[in-house]
Amino acid sequence: MSDGTNNSRAPESAAGRKLRRGDPPSAEVELLLLCARVEPGEGERQRISELIRGGLDWNAVVDGALRHALVPLVHLHLSAPSTPALPADAAARLRALAQRMAALNSYLAGELRDLLKEFSARGIAAIPYKGPALALEAYGRASLRQFCDLDIIVPARDLRPAAEVVRGRGYAPYRDLGESQLAVMLRTQCNVPFTRDRDRSVVEIHWDVCAPDFARPLAREEFWARSRESEFFGAPSRSLAVEDLLLALCVHGSKHRWEQLSWVCDVAQLLSKNPNLRAAELLERAGRGGCRRMLLLGLRLAHELLGA
């Protein structure tokens, strides 16, 4: 979902450069880290103001926010009344990106609501995963988390009727699957993606949170049994237990090498919203699923980078 803008000052921006352990972050990276939370403390807000007054590579800041899927949070904090004014061109670019993403978030949230209503009418249990559902649970507002597709978990037995619902809304699978191909996917993968040409929307129907050859963090029967009745803007749905969601997010981040700071922010925000997690149970579950180190890495990143 790039805006097509490159930082013309250097092939690799300061906010996108990889850090070696022990290296101090650049001012641009520090600013992104301070903005990667819904409610910075007073000390964080003061430091944000100091960094702005000290002068920054604003192309690097905005490119970094886009690269790390943090545009809504960065715009929220850098446009606050108490924050020093940004250069006009940087403020305009950030505002335009935030407005575009707010419109996309609203559109996708509406699409998810309608899908969940149709699933419910067909008797298909559904767990909206990541995307706008996570935005509401961890951030409090769908507008504060940047996302570009929809993920929905259904029981494996309901994959065919769920696919019919999605097809009925104009989506098509990336490729049609025969019964034998589908059987192989159910054993070896965790989702089937669908796309809609008219608006380039993507819906992924999941029956698991990750492919079994990578990790087995959650036994299907168990996470369904622990899931909670919920609703999404009036549409009936279910939600993963908080411990299961946290473990799934850490496995997802590890799978993708934690290449986006927003994934660390998801973990930090979920921890902030749920201070009474059953830690021993969570660690035991992660150990059984072969992903204890993935969980601990996600928690360590959230602590070291975002103060979780």
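Trainee: Is the crossing of α1 and α2 left-handed or right-handed?

Mentor: This is a predicted model, and in it the crossing of α1 and α2 is left-handed. On the side of α1 the contact involves Ala-27, Glu-30, Leu-31, Leu-34 and Cys-35, while α2 brings Glu-44, Arg-47, Ile-48 and Leu-51. By class, six of these contact residues are nonpolar, three are charged and none is polar.

Trainee: At roughly what angle do the axes of helix α1 and helix α2 cross?

Mentor: Helix α1 covers residues 27-35 and helix α2 residues 42-54; their axes cross at roughly 150° and come within 10 Å. Angles over 145 degrees count as roughly antiparallel, so α1 and α2 are roughly antiparallel to each other.

Trainee: How is empty space found?

Mentor: A probe the size of a water molecule is rolled over the atoms, and this shows where empty space is left. Here the search of the whole structure finds two cavities of 30 Å³ or more. The largest cavity holds about 40 Å³ of space. Its lining includes Ala-69, Tyr-139, Arg-145 and Cys-265, and divides into seven nonpolar residues, two polar and one charged.

Trainee: Which helix gives the most to the lining of the second largest cavity?

Mentor: That is α11, with three residues. The volume of this second largest cavity is about 30 Å³, and among its lining residues are Lys-130, His-252, Trp-258 and Asp-266.

Trainee: What is the volume of the second largest pocket?

Mentor: About 260 Å³. Of its 14 lining residues, Arg-37, Glu-39, Ala-268, Gln-269 and Ser-272 are the closest to the centre. Helix α11, residues 261-273, supplies the largest share of that lining, five residues.

Conventions. Residues numbered from 1 in each chain as written. Predicted model: local features only at pLDDT ≥ 70, side-chain atom pairs only at ≥ 80, totals over all residues. Heavy atoms only, no water. Axes fitted to C-alpha atoms, helices over the stretch in contact; angles between N-to-C directions. Helix = DSSP H or I, 4+ residues; strand = E, 2+ residues; numbered from the N terminus. Parallel < 35°, antiparallel > 145°, perpendicular 65-115°, else oblique. Left-handed = near helix turned anticlockwise from the far one by under 90°. Contact = heavy atoms within 4.5 Å. Nonpolar A, V, L, I, M, F, W, Y, C, P; charged D, E, K, R; others polar. 1 Å grid on protein atoms, 1.4 Å probe; cavity = no way out; pocket = protein on both sides within 12 Å on 5 of 7 lines; lining within 4 Å. Points joined across faces, edges and corners; volume = space filled by probe spheres on them.
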